[in-house]
Amino acid sequence: MVEKFVVTPWEVSGKVDYDKLVEQFGTQKITDPMLKRMEKVAGELHFMLRRKIFFSHRDFDWILNRYEAGEKFFLYTGRGPSGHTTLGHLVPWIFTAWLQKKFGVELYFQMTDDEKYLIKDMTTKQTTAFAYENALDVLACGMDPKKTHIFTNLEYGKTIYKQAVEIAKHVTFSTAKAVFGFENSSNIGIVFFPAVQAVPCFLPSVQAGRNIPCLIPAAIDQDPYWRISRDTAPKMGFYKPAQIHCKFLPGLGPEGKMSASDPASAIFTTDTPQQIEKKIMNAFTGQQPTKELQRKLGGNPDICSVCQYYYFLFEQDDRKLAEIFAGERSGTLLAGEHKADLAERVKRFMAEHQKRREKAKKVLDKVMLKD
Ligand code: TYM
């Protein structure tokens, strides 16, 4: 039986088949020769590339070509501020901070307080307030405050709107409908919104008065937006923005991505050590229902959320990771100790993150762009 899965900017569900997604979306897989090249240019390979957590791209090789020819790119990524930040959101942001450091480039970070207002039962006051909370997490990931520019669409609206209108003129309703599945019942704000998310792909070029290559690191759910941006770019005389896509950190339940809208399945950067411990101790593992059976039959690390957390964030040493996976598979690793060890690591990580988050409050004002 073929398992069904859904990946859109607003929903990720089911067991995602990433190979199929590359085919469906028409992106390219990241290849080993490309990684070799990246290692040469950056001086090292981030574990998220080595493990192909960042697994797909559009024109990433072109970005490297331009860079090697002496042309710097800028990074663009973002967040829909509908709640506090989860560990899932940190996956692309930690990688973005690494890219920024290795290539010494500027980062533009869009907070879509407008998008979340349009699709959620929230006020604009709430979404903008979460944008400021989320921005602390962005900075806590190690972005360089001197080279990072964060803005909310509602507060930077005067600058954003002009560009959005110019982009929107080149996007027909039938294209937007085909890409995003809009229906007659969709509000017209969200139908216009893809033009707004496209703006930062080009804004630095507009402001500099010359074309600057753009690289977008994000999970693959955001890819539909880039189809619109890439279609319109040549019509407006801009470079097409390039992308590098990551997989989804799963939730703590049996299926789907870690999502802020399912609080029990998600660990938030504002969680207390007790909350983190409780969520992880209740997590779904790939183990047998009893200790005896687990010892006898072993489990399945590929569906075990605890193993996936080591893989995505909490064990960066490949040899140690292989030992954890082997322990789960052979039955020597039991769920209780497996979860307790992860809980310790996540609590330690979060204590450090929360300290950096506090420090970020001091620089936040300087980093935020406003009209
Ligand atoms: P949002 O808030 O849904 O997600 C923010 C970023 O986190 C990624 N992401 C994940 N990555 C790994 N594992 C997960 N479980 C997970 N869940 C979410 C998303 O792909 C995204 O990179 N419309 C956007 C906001 C936005 C944006 C952008 C995102 C505006 N401009 C440019 C990326 C790039 C949104 O609602 O993201």
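Contact here means heavy atoms within 4.5 Å, and helices (H or I, at least four residues) and strands (E, at least two) are DSSP runs, numbered from the N terminus. The model is predicted: local features need pLDDT of at least 70, side-chain atom pairs count only at pLDDT 80 or more, and totals for chains, interfaces and linings use all residues. Residues are numbered from 1 along each chain as its sequence is written, and side-chain values use heavy atoms, with hydrogens and water left out.

**Exercise 1.** Find out which residues of H14 and H16 meet.

Start with H14: Val306, Cys307, Tyr309, Tyr310 and Phe314 take part. Now go to H16, where their partners are His338, Lys339, Asp341, Leu342, Arg345, Val346 and Phe349. Sort the residues of this contact and you get eight nonpolar, one polar and three charged (Ala, Val, Leu, Ile, Met, Phe, Trp, Tyr, Cys and Pro count as nonpolar, Asp, Glu, Lys and Arg as charged, and the others, Gly among them, as polar).

**Exercise 2.** Work out where Arg51 sits and what it touches.

First, look in the loop between helix H3 (47-50) and strand E4 (54-58). Next, check accessibility: Arg51 has 8%, so it counts as buried (under 20% relative accessible area; exposed is over 50%, partly exposed in between, with a 1.4 Å probe and protein chains only). Then skip neighbours within four places in sequence, and the contacts of Arg51 include Tyr310, Glu315 and Leu321. Finally, the Arg51 side chain reaches the backbone oxygen of Glu315 at 2.9 Å.

**Exercise 3.** Is Asp271 buried or exposed?

Locate Asp271 in the loop between strand E9 (242-246) and helix H12 (273-281). Its relative accessible area is 7%, so Asp271 is buried.

Technical notes:
Polar contact = N/O pair within 3.5 Å; in protein donor to acceptor, adjacent residues only side chain to side chain.
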